[in-house]
Amino acid sequence: MRARLLLVGFLCVALALGATPTQESTPALPVLAPRLLIDVQASTVELHGTVSSEAHESILKQTVAEHFDGKTAVFDLAIRPALPPGWALVTEITLRSLAGARTATVEISDSRIVVEGVTTSAKDWSKSAGRIADSLLPGMTFRHQVVEIRSPGSMQRQCIELFRTAMRG
């Protein structure tokens, strides 16, 4: 009788704590934060991270095909349906906004978008940055450091000038 009371007491405590009598101890699966990395270089575009669906993956692949013509595309994407609402839209807008970048490295997470890169038109980048800023999800921040280099022939000279400026201040 005493053993039965102990068992009932144990079950009551377990139920009060949210456990069920048939629940087994299994390790929790790690919860991966939403993240998409985009790397745009002279001849390649790489996307690594999480997408919300096959349709989202398809949209990103189509965007690369339309806006990065002639570049080799590399995709390493995992589908995770439980991403924040609007994740597909913010990642697509960010990717489209990079079309004018000469090079860019982007990290998109559920809390921020960080863009670093080189463009040939500061004016065009300013418009692109505005589109990204307008697409941010609640709680997200946007930081970007994109440098303008006007023509490929002057890239070496401009890099030297940027280096000198950085060394001065």
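This tour moves through a pair of strands and then a set of salt bridges. The model is predicted.

**Stop 1: two strands**

Select residues 112-119, which form strand β5. Now pick out V118. Which residue in β6 is the bridge partner of V118? The partner is V147. While you look along a strand, keep one general point in mind. Side chains in a regular strand alternate between the two faces of the sheet.

**Stop 2: the helix between them**

**Stop 3: charged side chains**

Opposite charges can pair when the charged atoms come close. How many salt bridges does the model have? The count is six. The next stops visit some of them.

**Stop 4: R96 and its partners**

Select R96 and E92. Their side chains meet in a salt bridge, at 2.9 Å from N to O. Both residues sit in helix α3, four residues apart, so about one helical turn separates them. Is E92 buried or exposed? E92 is buried, because its relative accessible area is 16% and the cut-off for buried is under 20%. R96 is partly exposed, at 33%.

The link joins distant parts of the chain: E66 lies in helix α2 (residues 54-67), R96 lies in helix α3 (residues 87-97), and the two are 30 residues apart. E66 has 46% relative accessibility, so E66 counts as partly exposed.

**Stop 5: a network**

The side chains of R112 and E107 meet in a salt bridge of 3.3 Å, N to O. R112 is partly exposed, with a relative accessible area of 33%. E107 is partly exposed too, at 21%. Which residues are linked in the network of salt bridges? They are R35, E107 and R112. Leave these three selected and turn the view to end the tour.

Key
Residues are numbered from 1 along each chain as its sequence is written. This is a predicted model: local features need pLDDT of at least 70, side-chain atom pairs count only at pLDDT 80 or more; totals for chains, interfaces and linings use all residues. Side-chain values use heavy atoms; hydrogens and water are left out. Two strands pair if DSSP finds at least two bridges between them. A salt bridge is a side-chain nitrogen of Lys or Arg within 4 Å of a carboxyl oxygen of Asp or Glu. Buried means under 20% relative accessible area, exposed over 50%, partly exposed in between (1.4 Å probe, protein chains only).
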